[in-house]
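Welcome, and please open your viewer. We will go from stop to stop, with something to select at each one.

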Amino acid sequence: MPAFLRTMHEMLSALLGRATQAADVEAPTEYVAAVTARKSLASRDHIIPMIDGKPQQSPKAA
């Protein structure tokens with residue numbers, strides 16, 4: 001059974017014009033935070049999301 005599946009995979013790859021070798025994988029994109037974690041949580045009145053760096057009002061405890 002494994003030989004049959006391998007053969008079918010090779011045939012389909014050849015029909016689709018793909019090489020039987022492993023596909024080239026792009027390097028993952030490295031993300032850089034807009035602010036540090038310390039700056040994000042520095043104030044009690046607001047937090048700063050690390051994604052965009054825009055201040056957001058934090059919820060107040062009753």
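In which helix is S40 found? Select S40 and you will land in helix 2. Before looking around, please keep in mind that this is a predicted model.

**Stop 1: S40**

Show S40 with its surface. Is S40 buried or exposed? S40 counts as buried because its relative accessible area is 8%, and the cut-off for buried is under 20%. Now display what surrounds this serine. Leaving aside neighbours within four places in sequence, S40 is in contact with V35, H46, I47, I48 and M50. Pick M50 from that list and draw a distance to S40: the two residues are 10 apart along the chain, and their C-alpha atoms are separated by 6.6 Å.

**Stop 2: H46**

Next, move to H46, one of the contacts of S40. H46 lies in strand 1. Its relative accessible area is 27%, so H46 is partly exposed. Which residues does H46 touch, leaving aside its neighbours within four places in sequence? They are S40, P55, Q56, Q57 and S58. Select Q57 too: H46 and Q57 are 11 residues apart along the chain, with 4.4 Å between their C-alpha atoms.

**Stop 3: I51**

Now select I51, in the loop between strand 1 (46-47) and strand 2. I51 is exposed, because its relative accessible area is 81% and exposed means over 50%. How far apart in space are I51 and A33, C-alpha to C-alpha? The distance is 5.9 Å, while the two are 18 residues apart in sequence.

**Stop 4**

Then colour M1, F4, L5, M8 and M11 together: they form a nonpolar patch on the surface, and their accessible area together is about 550 Å². As a reminder while you turn the view, an α-helix has 3.6 residues a turn, so residues three or four places apart point the same way.

Following helix 1 you will find G17, whose phi is positive, near 80°.

**Stop 5: the whole chain**

Zoom out and show everything. The chain holds two helices and two strands, and they come in the order α-α-β-β along the sequence. Of its 62 residues, 8% count as buried. The accessible surface comes to about 6200 Å², and carbon and sulfur atoms account for 59% of it. Which share of the contacts between residues at least 6 apart in sequence joins residues at least 24 apart? That share is 0%.

Finally, colour by confidence. The mean pLDDT of the chain is 79, and 82% of its residues reach 70 or more. Helix 2 (residues 37-40) has the highest confidence, at 88, and strand 2 (residues 56-57) the lowest, at a mean of 83. Where pLDDT is low, the predicted coordinates should not be read in detail.

Note on methods. Residues are numbered from 1 along each chain as its sequence is written. This is a predicted model: local features need pLDDT of at least 70, side-chain atom pairs count only at pLDDT 80 or more; totals for chains, interfaces and linings use all residues. Side-chain values use heavy atoms; hydrogens and water are left out. Patches are made of residues with over 30% relative accessible area and no salt bridge: like charges are joined within 9 Å, nonpolar side chains (Val, Leu, Ile, Met, Phe, Trp, Tyr) within 5 Å. Accessible areas come from the Shrake-Rupley method with a 1.4 Å probe; for residues, only the protein chains shown count as cover. A salt bridge is a side-chain nitrogen of Lys or Arg within 4 Å of a carboxyl oxygen of Asp or Glu. Helices (H or I, at least four residues) and strands (E, at least two) are DSSP runs, numbered from the N terminus. Buried means under 20% relative accessible area, exposed over 50%, partly exposed in between (1.4 Å probe, protein chains only). Contact means heavy atoms within 4.5 Å. pLDDT is the predictor's confidence in each residue, from 0 to 100.
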